[in-house]
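Q: Please take a close look at a single part of this model and describe it in one connected answer.

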Amino acid sequence: MEQALDDVKVLDLTHHVAGPHCTKILAQFGAEVIKVERPGTGDPTRHMGPFLNDIPHPEKSGLFFYLNSDKKGITLNLKHPTGVQLLKELVKQADVLVESFSPRVMSSLGLSYEELEAINPNLIMTSISSFGQTGPYRDYQATNMIMDAINGCLYLRGQADRAPVHVGFSIAEHFGGAAGFSATMMALYGRNRGGKGQHVDVSIMASLLNQTDNVVVGQYCQQGSIPNRSYYTARYGVFLTAKDGHILPRPGPGGWETLAAFLNLPEIEDERFATTAGRFEHAEEINELTASRTREEEKVDLFKRAQEWRLPFGYVATTEDLLKDEQYRSRGYFVTVDHPEMGKVTCPGAPFQMSETPWRTERPAPLLGEHNEEILCGRLGLSKAELTQLNQAGTI
Amino acid sequence: MPSLPLEGIRIVDLSQVWAGPLTSRMLADMGAEVINVEACQRIDFLRYFNPAENESGERPWERSNRNLLHRNKRNLTLNLNSPHGIDLIKRLVKISDVVMENFSPRVMKNFGLTYDVLKEIKPDIIMLSMSAYGQTGPYGYYSGLGTAIEAVAGTSNLAGYPDGPPREVDSYISDPGSGVYGAGALLTALYHRDKTGKGQFIDLSEAETVTTLIGGPILDYTLNGRVQSRMGNRHPWMAPHGVYRCQGNDSWVAIAVRSEAEWPIFCRVIGNPAWITDKRFADMPARWQNHDELDRYIEEWTTRLDHYQVMYLLQEDGVPAAAVLNVSEVLLDKHVRANKYFELFEQAEIGTRPCPGVSFKLSKTPGSIRKPAPTLGEDNEYVLGQLLGISQDDITRLEAEEVIGQHPIPLPKSADIVPVELLQDCKLLAGVDSDYLNQIKEYDANR
């Protein structure tokens, strides 16, 4: 089956979440991604849960699996001159190299963009970092929560009378990965139209500003107003209780009349609630009125019935709900792949569907160094004896 | 060799609000000619939000922060409920490379503008449809915006205080996330087209883009049957990991100590207080168990300091920390300024405002902001006259028949004004900076 990026060869030096997320999408659409890991320990996410049966094991991390399926894996010690030499040989054959080290690292290894460009002028090098390759915070250390704080999102999350509260998942790293994917494709497309290789600088902070820039501009730059944590819930509502969880009711093109009719709740057609200003002012009252109806209903059922009335409700899904949800199932969004140590593993698929060149997830995440022989012997012509020597020397 | 990757690529963009326009903005910044199409009878509702200075002005539909999404683009008005409008859009598609939209899935079908139809007109056309839940399946006709989609996609259940209900994430994920993936998707299709001559249809479900963010929690369910819930500011194993009060009103700092090795460094920065030798904090698992007490001690230190100061002190020694910034602090932050994440740009109707910089930083083909967001129908003459060769007489007739135009039909009385005083009374604002226009004026000078 034809895939869009069938002819693209990616050298993947990334680790943790952001970089691997970027290269995984490339792999799902057909690119050959060779993941380069440190011998012995490998990518740190191999040591992060969730683990199969909660037993830590470097070949049984669900997180590592999700982020690295569809890739081939080799080990190279980039602190050894031979390791660097072998990498440079691979660079000659690559279209793209993606790395997510702290900004000084690649130069310190003798692998700066300038050095790699000299080896392969067509190479696209994508560097994904927390704060970008320049600027006063360039060398700052970050976790997801730290990135959430610095880009203005965390301040807006939670209740005004309590501490700001972080979301319980890694938006920052995944946004960085998504930005890395799109930026890499931009450079790749440009190169194919007669351009050359170039260096792509992806700053996770800049990509997160896509979330907050409309508030920065829309609130502060337009009116000088600085919203606090209550602003958005007042504007857009809170999740209300349903019998078996939570639901978010919403008016649609039919306006509040349709919502009132659907919920059998004429009280919310009150004049006081008719404008945005009014809805800000009376948010609590509106919520209480609406909750009096929603708490009698089951969430998925209410969601579907509302949608039939063209009311864009949403229901709060747990991870269990996601796997049961009819829509995800019908679209084949979740895939199950066999892994030599983990057995059958089910995980999410790709973020969009293409009609002629669909995405594929068929190959599990690689075992550490699984493709050393295929790549180092098969592509670079090393003999098996040389491979053994490198192993003993700690180069692979 | 084109000087920008997307020079010569023409995109017919029917999308509205946020996700679609973000995708097309990213491509416009890199040289694509994006023709944003709106009907005067049904303009983008974002045009009325957050009007500059909270005033309606001469043209209340040109004063919103929507401008930040639409720089570098062209704007054509077309009433797609009229046969003339449909005919014109088809003629435009014939000379374009991409068509994109983010309506509810029934809309393009009702217009008769599905991929099958457009492919007849231009065989290698690439079409991107972005919708809440996708074009197929039992939710194939469902609609949704932002928070509702995130709820169905599973992220909302993970957000909020551990002792509270799921919370809206308070700054959307589905729109900006879909916007970025959408750009990548179009580029992938364009890449394939240049290789093979074939176009295709891209079906992007915003819910699916959001669910891709929570692989970890999903794998915990599929591997171990565990349904993860809200952890608040805690982390599965890092301790300390939290948000701490600082000096001043509603001022906070986020701190994360990632490893055993980092803990003594953190202790040194905070002055090696006596409590660090307590058995309860001896190693990371112990600190995790006794996190409440740990937090109280740490806050004793942070409340004496400004939030930026805590960040500088810890980051200087390599410990992850960040001031929790509000929107004005983000704009004025020194890293944001130094890296030009916002640039000043002159806009129609409302003058110079900060605008987000170009999303992609490509070393040899840096994009740029070349022109401000167009006003409604600004490019009608260009598209219809120059690109489609329609006579001036015919253009005049189209205006008279309200197929095209340069203002909404019917004319609105005002923008969606929410008095700042009301927001203050409802306690929804941390503050109001009456000097904001000056801050903006001085923005470049203070880099």
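How much area is buried between chain A and chain B, and what share of that area do carbon and sulfur atoms give?

A: This is a predicted model. The area buried between chain A and chain B is about 14,000 Å², and carbon and sulfur atoms give 62% of that area. On the chain A side, 151 residues take part in the contact; on the chain B side, 168 residues do.

Charged pairs also occur across this interface, with a count of 10 salt bridges between chain A and chain B. One salt bridge joins the side chains of D163(B) and R162(A), at a distance of 3.2 Å from N to O.

Turning to chain B itself, the chain has 447 residues, and its secondary structure consists of 19 helices and 12 strands. The C-alpha trace of chain B spans about 85 × 55 × 45 Å along its principal axes. Of the residues in chain B, 63% count as buried.

The accessible surface of chain B is about 16,100 Å². Carbon and sulfur atoms account for 50% of this surface, while for the area buried between chain A and chain B their share is 62%. As for charge, chain B carries 59 negative and 45 positive side chains. The centres of these two sets are 4 Å apart.

Notes: Residues are numbered from 1 along each chain as its sequence is written. Chains are lettered from A and ligands numbered from 1 in the order in which they are written. This is a predicted model: local features need pLDDT of at least 70, side-chain atom pairs count only at pLDDT 80 or more; totals for chains, interfaces and linings use all residues. Side-chain values use heavy atoms; hydrogens and water are left out. Helices (H or I, at least four residues) and strands (E, at least two) are DSSP runs, numbered from the N terminus. Buried means under 20% relative accessible area, exposed over 50%, partly exposed in between (1.4 Å probe, protein chains only). Accessible areas come from the Shrake-Rupley method with a 1.4 Å probe; for residues, only the protein chains shown count as cover. Lys and Arg count as positive and Asp and Glu as negative; His and the chain ends are not counted. The place of a charge is taken as NZ of Lys, CZ of Arg, CG of Asp or CD of Glu. Contact means heavy atoms within 4.5 Å. Buried area is the accessible area (1.4 Å probe) that two parts lose on being put together, summed over both. A salt bridge is a side-chain nitrogen of Lys or Arg within 4 Å of a carboxyl oxygen of Asp or Glu.
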